[in-house]
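Subject: Structure handover

Hello,

Here is the structure I promised to pass on to you. Please have it open as you read, and my notes follow below.

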Amino acid sequence: MTRPRLASFHAEGADRYGVMTDRGMIDLWPRFRDRWASLQAVVEQGDLLELADLGEKYPVTYFENEITLLKPLASPEKIICVGVNYPDRNEEYKDGQEAPRFPSLFPRFARSFVAHGQPLVRPTASEQLDYEGEVVIVIGKGGRHIAEADALNHIAALSLCNEGT
């Protein structure tokens with residue numbers, strides 16, 4: 001089953017959220033802003049599926065060229081990245097290093113991200129810019145010592161990201 005593509009965006013002087021369709025954006029913010037001020041509030045309250053179901057009932061409000069997409073979540077609590085997380089990493093990099101026993105974890109910070117369609121800025125400290133597609137897992141339900149069998153119950157959404165280093 002395909003779920004609607006929920007997104008944060010800016011239009012008519014306000015940050016909003018809605019459902020992006022092939023025809024354009026369905027603005028849900030005016031209808032639900034008293035309940036959910038932002039898409040981040042929807043995630044924090046565990047209501048993404050409910051919002052997605054509600055959103056499918058309304059007509060398109062804006063064409064894609066009438067909005068500016070924003071980062072999906074303006075200020076996530078944590079951004080934890082997993083590096084060297086596939087078995088053939090050394091085959092790709094050909095750097096002579098042995099595969100680590102465990103993936104590496106490292107933080108990223110919200111200010112280091114840009115929204116869809118916004119330019120990546122190469123730091124002046126380097127002439128190189130490495131980029132790669134990444135799968136983003138949005139954790140919507142907190143927990144600690146979560147059993148593997150329950151792990152998927154804590155995922156609110158999946159997204160894609162172009163990571164530039």
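A disulfide here is a pair of cysteine sulfur atoms within 2.5 Å. With that cut-off, the sulfur of cysteine 81 is too far for a bond with the closest cysteine sulfur, in cysteine 161, because 8.1 Å separates them. Cysteine 161 is likewise in no disulfide, and a search of the whole structure finds zero disulfides.

Before you go further, please note that this is a predicted model: local features need pLDDT of at least 70, side-chain atom pairs count only at pLDDT 80 or more, and totals for chains, interfaces and linings use all residues. Residues are numbered from 1 along each chain as its sequence is written, and side-chain values use heavy atoms, with hydrogens and water left out.

Cysteine 81 counts as buried because its relative accessibility is 17% (buried means under 20% relative accessible area, exposed over 50%, partly exposed in between, with a 1.4 Å probe and protein chains only). Helices (H or I, at least four residues) and strands (E, at least two) are DSSP runs, numbered from the N terminus.

E5 pairs with strand E6 (residues 104-107) in the antiparallel sense, over four bridges; two strands pair if DSSP finds at least two bridges between them. In this pairing, valine 82 stands opposite leucine 105 of E6.

There is also an open sheet of four strands, ordered E3-E2-E1-E4, with antiparallel pairing. Its edge strands, each pairing on one side only, are E3 (25-27) and E4. Strand E1 (residues 5-11) and E2 are joined by seven bridges, and phenylalanine 9 stands opposite arginine 16 in E2.

Glutamate 12 is in the loop between E1 and E2. Its phi is near 50 degrees, a positive value in a residue other than glycine, and glutamate 12 is exposed, with a relative accessible area of 65%. Histidine 145, which is not a glycine either, has a positive phi of about 55 degrees. Histidine 145 sits in the loop between strand E7 (131-139) and strand E8 (155-164), and counts as exposed at 74% relative accessibility.

Which residues does aspartate 47 touch, leaving out those up to four places away in sequence? They are Arg35, Trp36 and Val42, where contact means heavy atoms within 4.5 Å. Aspartate 47 belongs to the loop between helix H2 (39-44) and helix H3 (48-55), and counts as buried at 13% relative accessibility. By contrast, glutamate 56, in the loop between H3 and strand E4 (68-69), counts as exposed at 52% relative accessibility.

Lastly, the second largest pocket has a volume of about 170 Å³. Its lining has 13 residues, and those closest to the centre are Ser8, Asp15, Ser38, Leu70 and Ala74. On a 1 Å grid over the protein atoms alone, a pocket is an open set of points where a 1.4 Å probe fits, with protein on both sides within 12 Å along at least five of seven lines; lining residues have an atom within 4 Å of a point. Grid points are joined across faces, edges and corners, and a volume is the space filled by probe spheres set on the points. Strand E2 (14-20) gives the largest share of this lining, three residues.

Best wishes
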